[in-house]
Amino acid sequence: MIPAAFTYHRPRTVPDALALLGAHPEEARAIAGGHSLIPMMKLRLATPGHLVDLGAIAALKGIREEGGAWVLGATTTQAELIAHAGLARVLPILRETALQIADPQVRARGTVGGNVANGDPGNDMPAVMLCLDAVLEVAGRGGARTIRARAFYRGAFATALAAGEIVTAIRIPAPPAKAGAAYVKLKRKTGDYATAAAAAMLSLEGGRIARCAIALTNVAPMALLAEAAAAGLIGAVPGAAAFAAAAAAAEAIADPAADGHGPADYRRRMAGVMVRRALAAAAERAGG
Amino acid sequence: MNEIGDTRAAREEKLQGIGCRRKRIEDIRFTQGKGNYVDDLKLPGMLFGDFHRSPYAHARIRRIDTTKARALAGVVAVLTATDLKPLKLDWMPTLAGDVQAVLAGEKVLFQGQEIAFVVATDRYLAADAADLVEVEYEELPPLVDPFRSMAPDAPILREDIKDTTEGAHGKRRHPNHIFTWEVGDREATEQAFRAAEVSVKQLISYQRVHPSPLETCQAVASFDKIEGELTVWGTFQAPHVVRTVGAILSGIPEHKIHIIAPDIGGGFGNKVGVYPGYVCAIVASIVTGKPVKWVEDRIENLTATAFARDYHMTAEIAATRAGKVTGLRVHVLADHGAFDACADPSKWPAGFFNIVTGSYDFPVAHVTVDGVYTSKAPGGVAYRCSFRVTEAAYCIERAMDILAHKLRLDPAEIRMRNFIRREQFPYHSALGWEYDSGDYHTAMKKALEAVGYQALRTEQREKQEQFRRRETRELMGIGVSFFTEIVGAGPSKNCDILGIAMFDSAEIRVHPTGAIIARMGTKSQGQGHETTYAQIIASELGIPADNVMVEEGNTDTAPYGLGTYGSRSTPTAAAATAAACRKIRAKAQMIAAHLLEVHHDDVEFDIDGFRVKGMPERSKSMKEVAWAAYNAVPPGLEPGLEAVSYYDPPNMTYPFGAYLCVMDIDVDTGVAKVRRFYALDDCGTRINPMIIEGQVHGGLTEAFAIAMGQEIAYDEMGNLKGPSFMDFFLPTAVETPHWETDYTVTPSPHHPIGAKGVGESPNVGGVPAFSNAVNDAFAFLGATHIQMPHDPWRVWKAAEALGLQK
Ligand SMILES: Cc1cc2nc3c(=O)[nH]c(=O)nc-3n(C[C@H](O)[C@H](O)[C@H](O)COP(=O)(O)OP(=O)(O)OC[C@H]3O[C@@H](n4cnc5c(N)ncnc54)[C@H](O)[C@@H]3O)c2cc1C
């Protein structure tokens with residue numbers, strides 16, 4: 001539980017950070033809150049020779065509203081996100097999710113950008129970003145670009161980030177009118193990753209579901225957007241029968257591994273249960 | 001300090017003696033981060049040790065190459081079995097009569113086994129160098145399932161003893177067999193089963209778990225070459241035993257070994273035994289001439305440092321149709337891992353498992369225990385229980401429920417019908433114990449009334465109907481548990497550790513001003529000894545507890561004792577404390593009589609001093625007597641006021657209790673939520689009710705963890721699954737249920753103050769209460785026994801097996 005030796009850097013600007021990452025292409029790793037990376041380093045599963053700490057870069061911090069969308073700076077901590085009243089009013093699902101991540105100590109250090117960029121299927125924020133159709137703002141030595149969250153995840157710890165790129169911010173579109181969203185997570189204890197979890201958002205028109213998105217945490221090598229499950233609900237009256245069908249469709253795409261949370265069949269079924277519960281909560285919040 | 005005007009009650013209150021909810025004085029330093037733990041110790045020139053460990057569960061070692069590790073700058077030494085052999089320290093004796101490899105030389109027998117000990121100038125370098133040790137292995141088939149240990153074709157694990165047919169506890173039938181232990185009357189029990197109107201039989205497994213104290217095991221060893229003296233600071237629950245064993249093993253004279261156990265951050269049985277890390281730190285200090293620190297990390301602690309339980313118990317009860325038990329038979333298959341390193345009194349290879357008749361009046365019983373080797377870490381320690389008492393209590397409490405279920409009797413009712421009655425104490429159990437005192441019916445009735453048991457059963461029946469009508473997916477379980485413990489090991493007639501009788505001791509010295517220092521042979525790991533022993537002294541001697549300093553853990557200053565585990569401190573050292581106080585009081589009475597110019601038979605002790613019988617206004621406070629002890633003793637009496645007591649208990653003590661648990665189970669997820677938990681404990685005289693409640697809260701939380709999720713599990717290759725707190729279930733305050741505590745008081749008739757010990761009761765009684773609640777929730781659907789741990793997926797699977805997850 002003791003990491004291998006490394007050199008520590010603390011740049012103050014994004015270009016400096018990118019330069020450092022570029023200078024040690026094989027060896028350098030960005031570090032934000034460190035609460036995924038440092039445990040890996042202690043187990044020596046990660047042995048970066050250079051750590052580039054993003055914590056002193058002012059441009060990566062802060063939460064702001066911009067043209068109807070909400071922009072979260074990459075190094076915004078979960079605790080800062082939880083404390084932001086404006087965000088909680090418009091997108092309460094973010095706060096609801098952040099509160100289910102680990103414990104207060106971890107949330108005080110862990111960042112939204114790190115949670116999203118890490119690529120661990122156990123992280124809770126990716127499914128929410130898929131569900132809300134967030135866009136990641138990315139900077140590299142070649143310049144800046146954007147990547148939709150829905151195009152970002154490729155597999156376990158594999159993302160669309162190129163070597164030397166970092167996430168600078170996450171842009172979340174404002175939710176549609178008469179929408180409700182929820183994140184429901186099954187875990188064994190505080191500080192545990194999900195046995196299964198689901199994010200759901202839906203909006204209602206005339207008592208029927210007009211728009212819907214559903215995403216799953218930790219039941220596949222990466223967070224999954226449950227497209228068929230959501231598509232099946234368009235035009236449906238919210239209720240147990242419709243949600244059960246969506247749950248079944250979500251279970252069909254889940255591909256969990258057996259681990260300490262339980263065998264694969266159980267975890268798949270839990271994905272379904274979480275979808276049902278997330279949809280029920282979202283519908284209630286949407287005023288259905 | 002018998003101040004004018006003070007009422008008797010005010011004088012009593014000033015003492016903060018027995019029965020007072022005195023705040024824990026050790027918490028003043030603990031809550032400010034000022035505790036003094038092993039890892040806080042920094043000595044000049046101190047080196048750090050770290051292990052290279054085996055990735056395999058069973059493999060032959062072909063070659064160990066330490067060249068690269070030695071070449072790293074800052075590495076001072078790398079020890080392997082080859083270096084320990086000339087010192088005869090490559091193997092060490094275990095408390096259970098077996099031997100354990102300190103460093104593996106020829107074979108590794110479990111994943112995480114110690115192979116090389118790297119010593120470097122800082123702990124980071126030591127970790128780097130440990131990684132550089134190269135070992136060439138030939139993999140051998142692991143033996144993971146204990147039920148396969150004695151199969152004819154099972155791989156032979158312990159080649160060192162494969163031809164030894166006589167083990168430490170009798171005949172061995174197979175190279176992987178350790179012992180068979182048999183108690184009770186086989187014939188009479190068979191007869192009871194032949195004549196039985198009904199009987200039940202069930203395999204009840206208690207999974208492998210781990211005590212996981214927050215502070216892991218650690219030591220700093222410092223050998224002084226000039227004086228030939230060895231000092232070891234370490235996480236030792238039994239420092240004197242460590243010193244004696246150290247002297248025998250190393251040849252260093254016992255008076256030149258100084259064992260110091262500073263503050264300990266939880267022990268739970270994990271810190272009773274001797275581990276390779278301690279031995280290697282000592283050898284490394286002798287070799288390098290420098291102090292050497294070894295601190296294991298969490299993964300090492302969970303992987304290689306003693307586990308607990310792993311008992312597979314087949315229980316059978318014979319009974320009448322009316323639900324009166326007529327016989328008990330239990331066979332246990334005990335998985336001991338690669339070495340038998342159980343920490344039991346030496347003559348008890350299965351601890352006090354023969355307490356398995358529990359609180360019930362079984363006319364006959366018969367128990368056999370087979371200990372076997374597997375490719376797993378050694379251990380089998382008493383995790384917050386007196387030697388295998390938790391296993392026994394779980395076994396009988398599950399089995400009684402299974403019998404009740406078969407007879408369609410209420411679990412509380414079947415217990416009431418079979419309890420040992422108050423007038424039967426002292427009670428001789430069919431398996432050989434003499435229960436000192438008890439009043440089970442009263443305790444059980446009080447518990448049932450406190451929770452409104454009948455109303456709960458009515459509610460449960462309504463919920464079951466709703467469930468059947470598909471109106472709810474929630475089930476309600478009510479867990480009943482009534483336990484009897486056996487603690488306070490123990491009387492020299494049947495308890496010793498490596499030949500040393502299991503007495504305990506107190507040395508008490510009253511200073512001229514009436515302040516007191518008291519030293520004990522026990523060692524607190526969080527139990528609050530500094531607070532509670534002082535309260536006993538306060539009541540016995542009439543000196544306020546605040547004027548008493550209690551010291552433990554330094555073998556140079558503390559009287560010889562056997563340490564703290566098995567709830568033994570109150571039954572043994574607290575008894576010694578009272579006995580030493582009474583010697584002091586007898587002398588103090590002579591001095592008081594002298595000061596009062598009367599015969600000593602004419603004075604009597606009264607709260608905080610002595611008074612002339614019938615003339616209460618003529619008195620001397622204990623404080624005045626203490627002063628006089630140093631300048632005005634009666635002729636013929638030596639000055640000074642102190643005493644030592646080595647207390648050999650005449651019997652064990654038998655705490656008991658009634659626990660009730662109400663659970664709501666979400667069948668869709670398998671999540672079981674504890675709605676209510678009521679714990680009634682009878683631990684005899686209550687020294688400090690607040691500390692008792694704290695012990696009960698802590699023990700119940702551990703019991704909850706064990707029943708609802710803890711497991712040290714291996715895959716089929718013998719790889720340990722999830723050895724960190726990410727997976728190993730340690731509940732936080734968020735998951736921990738609310739605990740309701742209650743009590744009755746049935747003093748121990750043979751203990752000087754009537755106290756029985758309480759630290760482990762909640763773990764012993766708690767586990768069956770949770771497990772019975774889960775089982776009770778599904779019993780109406782036909783389930784007889786669901787194995788622990790009851791984590792959500794297993795509960796869900798149990799429901800699936802009953803057809804509830806369509
Ligand atoms: C006990 C414990 C329990 C936890 N439980 C949960 C949980 O339940 N749910 C959950 O979601 N998480 C959980 N976590 C993880 C925690 O939320 C982490 O903080 C989070 O996953 C990563 O954020 P970070 O800021 O700490 O990133 P770091 O650990 O610093 O980095 C993680 C990875 O992301 C990369 N990275 C970080 N920031 C950027 C960036 N801006 N651009 C590009 N790459 C970047 C790093 O290079 C690294 O590879 C837990 C952690 C612990 C220690």
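This passage walks through a predicted model, beginning at the ligand site and moving on to strands, sheets and some local backbone features.

A shell of 30 residues surrounds it, and the closest are Ala30(A), Gly34(A), Ser36(A), Thr111(A) and Asp124(A). Within chain A, at least two shell residues are supplied by each of strand S2 (28-31), helix H7 (112-117) and strand S10 (166-172). Sorted by class, the shell holds 15 nonpolar, eleven polar and four charged residues.

In the side chain of Asn123(A), an N or O atom is 2.8 Å from an oxygen atom of the ligand. Backbone atoms contribute as well: an N or O atom of Asp192(A) lies 3.2 Å from a ligand oxygen, and a backbone N or O atom of Ala102(A) lies 3.4 Å from an oxygen atom of the ligand. On its own the ligand has 950 Å² of accessible area, and the protein covers 93% of this.

One is built from three strands in the order S1-S3-S2, with parallel pairing. Its edges are strand S1 (7-9) and S2, each of which pairs on one side only. From one strand to the next, the twist averages 25 degrees. S1(A) and strand S3 (residues 50-53) are joined in the parallel sense by three bridges, and Tyr8(A) stands opposite Leu51(A) of S3(A).

Strand S13 (residues 208-217) pairs with S14(A) over two bridges in the antiparallel sense. Here Ala215(A) stands opposite Leu225(A) in S14(A).

In chain B, strand S19 (residues 365-372) is mostly covered, with eight of its eight residues buried. Side chains in a regular strand alternate between the two faces of the sheet. Both faces of S19(B) are covered: Ala365(B), Val367(B), Val369(B) and Gly371(B) are buried on one side, and His366(B), Thr368(B), Asp370(B) and Val372(B) are buried on the other. Strand S11 (residues 177-184) of chain B pairs with S19(B) in the antiparallel sense over seven bridges, and Trp181(B) has Val369(B) as its bridge partner. Strand S18 (residues 325-335) of chain B pairs with S19(B) in the parallel sense over eight bridges, with Val330(B) opposite Val367(B).

Two further positions of chain B involve helix H15 (569-596). Thr555(B) sits in the loop between strand S28 (548-552) and this helix. With 4% relative accessibility, Thr555(B) counts as buried, and a polar atom of its side chain lies 2.9 Å from the backbone nitrogen of Ile259(B). Ala575(B) is placed in helix H15 itself and is buried, with a relative accessible area of 0%. Between the C-alpha atoms of Ala575(B) and Glu552(B), which are 23 residues apart along the chain, the separation is 16 Å.

Finally, some backbone features of chain B deserve a look. Most residues other than glycine have a negative phi, and most peptide bonds are trans. The peptide bond from Phe425(B) to Pro426(B) is cis, with omega near -5 degrees; Pro426(B) is in the loop between helix H11 (411-418) and strand S21 (427-428). The bond from Met788(B) to Pro789(B) is also cis, with omega near -10 degrees, and Pro789(B) lies in the loop between helix H18 (761-779) and helix H19 (792-801). A positive phi, near 70 degrees, is found at Asp310(B), a residue of strand S17 (residues 307-319) that is buried at 4% relative accessible area. Arg384(B) has a positive phi of about 45 degrees. This arginine is in the loop between strand S20 (379-381) and helix H10 (389-407), and Arg384(B) is buried, with a relative accessible area of 9%.

Terms used: Residues numbered from 1 in each chain as written. Chains lettered and ligands numbered in written order. Predicted model: local features only at pLDDT ≥ 70, side-chain atom pairs only at ≥ 80, totals over all residues. Heavy atoms only, no water. Near = heavy atom within 4 Å. Polar contact = N/O pair within 3.5 Å; in protein donor to acceptor, adjacent residues only side chain to side chain. Areas by Shrake-Rupley, 256 points an atom, 1.4 Å probe, with all protein chains shown as cover. Helix = DSSP H or I, 4+ residues; strand = E, 2+ residues; numbered from the N terminus. Nonpolar A, V, L, I, M, F, W, Y, C, P; charged D, E, K, R; others polar. Buried < 20%, exposed > 50% of the residue type's maximum accessible area, 1.4 Å probe, protein only. Pairing = 2+ DSSP bridges. Axes fitted to C-alpha atoms, helices over the stretch in contact; angles between N-to-C directions.
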